[in-house]
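This report covers aromatic ring contacts, charges over rings and the surroundings of the ligand. The structure is shown first.

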Amino acid sequence: MCGIVGYIGTRAASGILIEGLKTLEYRGYDSAGVATISEGTLQRTRAKGKLINLQTKLEGLEDPARLGIGHTRWATHGKPEEHNAHPHTDESERLAVVQNGIIENYRELREELKEKGYTFCSDTDTEVIPHLIDEYLKNPAPEAVLSAQSALLEAVRQAVNRLRGAFALAIVSVDFPDELIVVRQQAPLAIGFGQGEFFCASDTPAIMPYTQAVLTLENGEIARLTPMGVEVYEFSGHRLKKYPRTLNWNPIMVEKQGFKHFMLKEIYEQPGVVRTCLETYLDTDWDVSSGESPIKLDLPDALLDGLQHVQILACGTSWHASLVGKYLLEQVAGIPTFVQYASEFRYAPAPLMPNTMTIGVTQSGETADTLAALEMEQNRRTEQGGDYAPRMLGITNRVDSSLGRLIPDVVGTMAGIEIGVAATKTFVAQLMAFYFLSLELAYRRKAISLERMAEIIEGLRQLPAQLEQVLEAQERYVEELSHDFSETQDFIFIGRGINYPIALEGALKLKEISYIHAEGYPAGEMKHGPIALLDEKVPVVAIATRGTVYEKVLSNAQEAKARDAQLIGVVPMNDAEAEETFDSLLPVPDVDELLSPMLTVIPVQLLSYHIAARRGLDVDQPRNLAKSVTVE
Ligand code: G6P
C-alpha cells in the first residue's frame, strides 16, 4: 500500500509524477503529494483525500523542475490529514522523502532525534527518515563508505541501516539537484531506464508509458539515479552490477470503456479472461484417446510428482479462491490440502509435513503477509531438506511481481490489469488456475478416469458462453433487485461444499464496497449461531446449485425463511423447487457441481456492485482499502 514515484531527466517532472500516481492510486488514496527541485528550491504540494485534490491544487502552477518525487497514501501511522501526507521533509525543507511501508522502530528513532533537537510536525513513522538523513549529512558516521560517490547517497545508506521494518523510499534534496536516491527493503520498487531520464515507481505500469527497460530492486538495495545513469549498491555500500530487463507487455489502456465503474467493466471481462486461460493452459487438440495430459502448465515433475500434501497461503479474495482450490485438489486430485491465512501462518506455522507443495496465491504478487509466509516456509524447508525440501508454486496475476522473483514456478492468471479494488476477474482466473492444476495432478496420480477428465474439460470449455449468458440475463434484474437493499444493514450468505467459499466471497464483496455488514457461512452451520440474527430485516443469499448438497442447502434456506428472512437464491435455471423456496431468484446454468463456483460468483458480484452503486458509493476505491497490501 502507498504508491511512490520519482523522476529525474529533461522533461517537466510534475506532470510525469501525477500521471504515475494516477496508475498507483489503487495502492491507497488517503492523501497525495509531490515534491520537486529546481533553481535551489524544493516545492512541496500535498492534499488530503484523492489525487484529484492534489491535481486541483497544482492547476495553473508553473513548475519547471526536472527532478521530483510523488506519493499516494494508505494511512498506517497518523490520520489521513494533510500534515501527515508525504513527501515529508527535514526541518530546513531542503530534503524530501516518500515512503511505502512501515518503520517499526520509529518511536525510538524519534526520541533519539528529538533529544538532538529535531522537531516533528506529523504523526507518521516516515518523518524520522528525512531527519535521520539530515543528521547523517551533518554528522556522517565514521564508517562512511560511499561519500566519494555522493554525500547524500552515503547519508541515506547510513540512515537506512538504522531502520527496521518494510520500506521503499525515494529521496530528493535541493543540495543534490542531480540525484534521486531510491531504496528497497521488503516493499516493491522498480526503476525505469529512458534516454537521459530515469523513473522509479512502486509498480511498473507507472513507468511503462515511458520505457519498457526496467530494473526491479531487490531487498537491501539502494540506487542512485542521475541524468548520467543508475548505480546500485547493497546497504553495506558494496556496488552491484545490474542491468534492466525489457518488459514484454505494452501498457494497457486503462479506460472504463463506457462502464460506470471499473468493477463493472471487470465483471464483464470475465468470459474473455476464462477464454484466455483456456487458450493458454488447455491443449485445444486434446483427445481423450491420446492418453496424454490435456493441461499445459509446464511445471517440473519434481514439483508435482509424489506429493502427499498441498498447503496454500493467501489473503482476502485469494484466500477464498484457495478454498475452492482445496476442494478441487482433494476431490479431483485426491491430495489432502490445507489453506491458511498467510498472516496467521507466518507466526504459527503447522509442523512440517513431508512431500508437500506450498502454493502462494496472490493477485498482486505483492501482499506482504503472503510473501513473508512463503519466504519463511521456503527457508525452514530448505534447512530441513530431504522429503521436507521446499516445493513452491505461485499463482498470481503479476508474474513480474515480488512473488515472481521469490518463487521460480509461477502460474500466471492472465486476467489483465484489474483496477477496481474489489477483486472480480482475477478471482475467476485464480479458480481457473486451480482447475488446471488439479486436473494435471489428477492425471499424474490417475485419480480420475480420462473420461471424467474429458467431461470436466468439456464443462470448462462451455464456461465463457455460460458466463456471457448469466451476465446478459441478470444485469438488469440484479440492478432492480438492489433497490430493495440499499438501506439494509446486515446480510447473510450461505453455501456448502465447493460453494461455501462463494458465500464467503459474496459477503466480502458486499462489505468491501457497500459497507453493509455481511457474513458468509457454511449453510449447515447457520443453526449454530447466525440464525439468531435472522428476522425480516436480514436477507439471506443462498448458493444452492445441484449436486451433493443441493437439498441440504434448500433445507437451510427454509430454516431462514421460517424466521422471516427475505431469501435470495443463486440457483439452477428452471428449477421448480428453487422457485417455490426463494423470494428472488438469480439463476445460473445447471452445470457440473465442480464448475459451479465459476458461475455462482457472478450474481453475488453483481449484487454487491449494484447495491454499492445504488448507495452512491465509490465502488472502485472503497474507503480504508487498498488493492495491494504491502504492509503487515
Ligand atoms: C487486499 C485487496 C483484496 C485482495 C487482498 C489480497 O485486501 O483489497 O481484493 O484479495 O488484498 O491481495 P492479493 O494481491 O494477495 O491477492
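A charge sits over a ring if NZ of Lys or CZ of Arg is within 6 Å of the ring centre and within 35 degrees of the ring normal. In this predicted model, Arg623 lies over the face of Tyr515, 3.9 Å from the centre of the ring. Lys50 takes such a position over the face of Tyr29, and here the distance to the ring centre is 5.2 Å.

**Aromatic pairs**

A pair of aromatic rings is described by the distance of the centres and the angle of the planes. Rings count as a pair if their centres lie within 6.5 Å, and by this rule there are 8 aromatic pairs. In one of them, Phe259 and Tyr268, the ring centres are 5.4 Å apart and the planes meet at 35°. Planes under 30 degrees apart would be stacked and those over 60 edge-to-face, so this pair is tilted. Phe259 is partly exposed, with a relative accessible area of 27%, and Tyr268 is partly exposed with 26%.

Trp319 and Tyr341 also pair, with 3.9 Å from centre to centre and 15° between the planes, and this pair is stacked. Trp319 belongs to helix 9 (residues 316-331) and Tyr341 to strand 17 (residues 337-341). The two residues are 22 residues apart, and their pair links distant parts of the chain. Tyr341, at 38% relative accessibility, counts as partly exposed.

Tyr7, Phe199 and Tyr210 form one aromatic cluster.

**Ligand surroundings**

Which residues are closest to the ligand? The ligand is surrounded by 14 residues, and the closest are Ser318, Thr362, Gln363, Ser364 and Thr367.

| Residue | Polar atom in the residue | Distance to a ligand oxygen atom |
|---|---|---|
| Ser364 | side chain | 2.6 Å |
| Thr367 | side chain | 2.4 Å |
| Ala626 | backbone | 3.0 Å |

For Ser364 the polar atom belongs to the side chain, as is the case for Thr367, whereas Ala626 contributes a polar backbone atom. The ligand taken alone exposes 390 Å², and the protein buries 90% of that area.

Key:
Residues numbered from 1 in each chain as written. Predicted model: local features only at pLDDT ≥ 70, side-chain atom pairs only at ≥ 80, totals over all residues. Heavy atoms only, no water. Phe/Tyr/Trp six-rings, centres within 6.5 Å; stacked < 30°, edge-to-face > 60°. Buried < 20%, exposed > 50% of the residue type's maximum accessible area, 1.4 Å probe, protein only. Helix = DSSP H or I, 4+ residues; strand = E, 2+ residues; numbered from the N terminus. Near = heavy atom within 4 Å. Polar contact = N/O pair within 3.5 Å; in protein donor to acceptor, adjacent residues only side chain to side chain. Areas by Shrake-Rupley, 256 points an atom, 1.4 Å probe, with all protein chains shown as cover.
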